[in-house]
Amino acid sequence: MRAGFVLRREGSTKLKVPAEIRRSAFYNPKMELCRDVDIACLAAFLRTAPKKERRYADALAGTGVRGVRAANELGVAAEINDLSVEAYTLINENIRLNGLEGLARAHNKDANVFLSEHRYEIVDLDPFGSPVPFLDSACRSVTELLLVTATDTAPLCGAHPAGPRKYEAIPLKTEYHREMGTRILLGAVIRRLAAHEKAATPLLAYARRHFVRLVLKIERGARRADAALRRLGFVAHCFGCGNRRPFSCEDLLESEVERRCDHCGGGMKIAGPLYLGSIRDETFCNEALRALDGLELGMRRQVEKILKTSRDELDIPFYYEHHALCKRLKITPLPLEAVLEALRAAGFSASKTVFSDTGFKTDASIEKINEVLRRSVT
Ligand SMILES: C[S@@+](CC[C@H](N)C(=O)[O-])C[C@H]1O[C@@H](n2cnc3c(N)ncnc32)[C@H](O)[C@@H]1O
Ligand SMILES: [Zn+2]
């Protein structure tokens, strides 16, 4: 092994990676979970979609880990690209290391050039920071499945002023910031796809501390693109009591938007445009869970947790952060399960959320949630 490199294993794939994190030939071991989730999702996608030749385009590949794993673990033809010459050399080495010369190929181009040269069934964008500089070429190229990472969570969540500039949307820094960022990103991707007469249906969308990841089924057609755009809207949020009110673009155009909070009477702030539709497909999550049995994944338990929590999450935009609610009410938080039980016992639907271990979703109003929380600690 050349000095400065180590041999690693992810899934059933051997990888030569830099011993330390660096920008050229970038490899972050902490993203193994995200890559394991992707392998489960790709396996599910390949199982459900009719058999045909498909190419997976890994446009910003670093060591090539995503494309090499897709080829090695799922037998998908992979076109693996990075602008850095050092990364390109490493991608070639990793292809050879796994005996994938017939199935995977390395490219050394700017990602926008690489994606503009061909249509690919599956496109993966895994950039440093924002995917926006590559979004248009990815949306033009992709025909079936689009995977997108964003690591610029601060602008996406409203914690940095670059949000409007990058995503043509105004986020708000709320307690449900991970879902805010995910839905702002989804909105931006859906608008870009619509310009190419394509529509996206989220199969899985989740966020961790430093990244948002989207797995989107792509379909062509102007009418489908219009329908996807109709799932965009806004959310009015009250920073006084934590109340929120999602509303569609049509609501905005056709009627006066109520800016008073119907709970505490305070002024509400508005975030958007963002995606308000479902962020996961239940059948797809089940298929990905079934696919786990045939896969060798180092992070299997965590992958299972993400897939199960997503599958069972209520299809309602925006989770509540249990601890933030309790802080406002000046009460001690109970275990999350007890809160879910109390909400259900009061006649509401309630679920965990993939975005936060201390968050939950419910169809109860903020008034009712507060009532239930107060009642359950006494
Ligand atoms: C976050 S890293 C990729 C990590 C990799 N996908 C993984 O899972 O380990 C982003 C990569 O994009 C490459 N890159 C940056 N700008 C690029 C461009 N314009 N075209 C192609 N590659 C680029 C960098 O060299 C870097 O390897
Ligand atoms: Zn309020």
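Biologist: Let's start with the hairpin that β10 and β11 form: how many residues sit between them, and which glycine in the turn has a positive phi?

Modeller: There are six residues between β10 and β11, and Gly 242 in the turn has a positive phi of about 90°. This is a predicted model, where local features need pLDDT of at least 70 and side-chain atom pairs count only at pLDDT 80 or more, while totals for chains, interfaces and linings use all residues. Residues are numbered from 1 along each chain as its sequence is written, with chains lettered from A and ligands numbered from 1 in the order in which they are written.

Biologist: How do you know that β10 and β11 pair?

Modeller: Pairing takes at least two DSSP bridges, and β10 (residues 232–237) has five with β11 (residues 244–248), so they pair. The two strands run antiparallel, and Phe 234 has Phe 247 of β11 as its bridge partner.

Biologist: What joins β6 to β3 and to β7?

Modeller: Three bridges join β3 (residues 55–58) to β6, and five join β6 to β7 (residues 142–150). Both pairs run parallel. Ala 57 stands opposite Val 123 in β6, and Tyr 120 has Val 142 in β7 as its bridge partner.

Biologist: Which helix goes with β6 and β7 in a right-handed β-α-β unit?

Modeller: That's α5, residues 132–141. Right-handed means the path over the helix runs clockwise with the strands pointing away from the viewer. As for cover, six of the six residues of β6 (residues 120–125) are buried.

Biologist: Why is Glu 73 called buried?

Modeller: Buried takes 20 or more other C-beta atoms within 10 Å (12 or fewer is exposed, in between is partly exposed). Glu 73 has 21, so it is buried. Glu 73 lies in helix α2 (residues 65–74). Leaving out residues up to four places away in sequence, Glu 73 touches Gly 11, Ser 12, Thr 13, Ile 39 and Leu 295, where contact means C-beta atoms within 7 Å.

Biologist: How are the axes of α13 and α15 placed, and at what angle do they cross?

Modeller: The axes of α13 (residues 322–329) and α15 (residues 366–377) come within 11 Å and cross at roughly 75°. That falls in the range of 65 to 115 degrees, so α13 is roughly perpendicular to α15.

Biologist: Which residues make that contact?

Modeller: From α13 come Leu 325, Cys 326 and Leu 329, and from α15 come Ile 369, Asn 370, Leu 373 and Arg 374. By class, five are nonpolar, one is polar and one is charged.

Terms used
Helices (H or I, at least four residues) and strands (E, at least two) are DSSP runs, numbered from the N terminus. Axes are lines fitted to C-alpha atoms, for helices over the stretch in contact, and angles run from 0 to 180 degrees between N-to-C directions. Angles under 35 degrees count as roughly parallel, over 145 as roughly antiparallel, 65 to 115 as roughly perpendicular and the rest as oblique. Two residues are in contact if their C-beta atoms, placed from the backbone, lie within 7 Å. Ala, Val, Leu, Ile, Met, Phe, Trp, Tyr, Cys and Pro count as nonpolar, Asp, Glu, Lys and Arg as charged, and the others, Gly among them, as polar.
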